[in-house]
Amino acid sequence: MALFGNAHSIDPAQAQQEYARLLGQGEQVHAAYLLIRDTILFTDRRLILVDKQGITGKKTEYHSIPYRSITHFAVETAGHFDLDAELKIWLSGSQIPVQKTFTKGVDIYEVQAILTQFVAR
């Protein structure tokens with residue numbers, strides 16, 4: 001969960017360089033977001049969730065989600081007292097959604113629009 005309000009978008013070109021080892025030949029990062037220590041990458045082929053683990057964050061888990069496996073998704077906007085917005089993504093074969101929390105530093109409508117662009121193809 002994002003606690004410190006520093007969630008923000010990352011320049012796609014910067015993310016392309018930083019995560020080049022994860023990308024397939026010709027794969028392009030179209031948008032990226034930093035959520036405290038975790039990162040979300042929207043590429044032209046898939047959604048990549050970078051999950052830093054442990055106290056030091058040296059252990060990292062990379063989730064690769066092809067857009068075709070997303071059955072549906074939802075966004076929950078921030079409110080007056082709950083300042084965080086949420087993105088929930090359901091994958092085929094799973095009852096429990098993948099959830100990511102965004103602070104007010106990220107426009108959740110922009111995140112939804114990007115995801116719609118790739119899922120609705």
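Visitor: How many aromatic pairs does the structure hold?
Guide: There are 3 aromatic pairs in this predicted structure.

Visitor: What kind of pair do tyrosine 33 and phenylalanine 102 form?
Guide: Their ring centres are 6.1 Å apart and their planes stand at 85°, so the pair is edge-to-face. An angle over 60 degrees is what places a pair in that class.

Visitor: Where do these two residues sit in the chain?
Guide: Tyrosine 33 belongs to strand 2 (residues 29-35) and phenylalanine 102 to strand 8 (residues 98-102). The pair thus links distant parts of the chain, 69 residues apart.

Visitor: Is tyrosine 33 buried or exposed? And phenylalanine 102, buried or exposed?
Guide: Tyrosine 33 is buried, its relative accessible area being 2%. Phenylalanine 102 is buried as well, at 0%.

Visitor: Moving on, why does the pair of tyrosine 67 and phenylalanine 118 count as stacked?
Guide: The planes of the two rings lie at 10°, with the centres 4.9 Å apart, so the pair is stacked. The cut-off for stacking is an angle under 30 degrees.

Visitor: Which parts does that pair tie together?
Guide: Tyrosine 67 lies in the loop between strand 5 (59-66) and strand 6 (70-76), while phenylalanine 118 is in helix 2 (residues 108-119), so the contact joins parts 51 residues apart in sequence. Tyrosine 67 counts as buried at 7% relative accessibility, and phenylalanine 118 does so at 3%.

Visitor: Back to the rings in general: which residues are linked into a cluster?
Guide: Tyr33, Phe42 and Phe102 are joined into a cluster by ring pairs.

Key. Residues are numbered from 1 along each chain as its sequence is written. This is a predicted model: local features need pLDDT of at least 70, side-chain atom pairs count only at pLDDT 80 or more; totals for chains, interfaces and linings use all residues. Side-chain values use heavy atoms; hydrogens and water are left out. Rings of Phe, Tyr and Trp (its six-membered ring) pair if their centres lie within 6.5 Å; planes under 30 degrees apart count as stacked, over 60 as edge-to-face and the rest as tilted. Helices (H or I, at least four residues) and strands (E, at least two) are DSSP runs, numbered from the N terminus. Buried means under 20% relative accessible area, exposed over 50%, partly exposed in between (1.4 Å probe, protein chains only).
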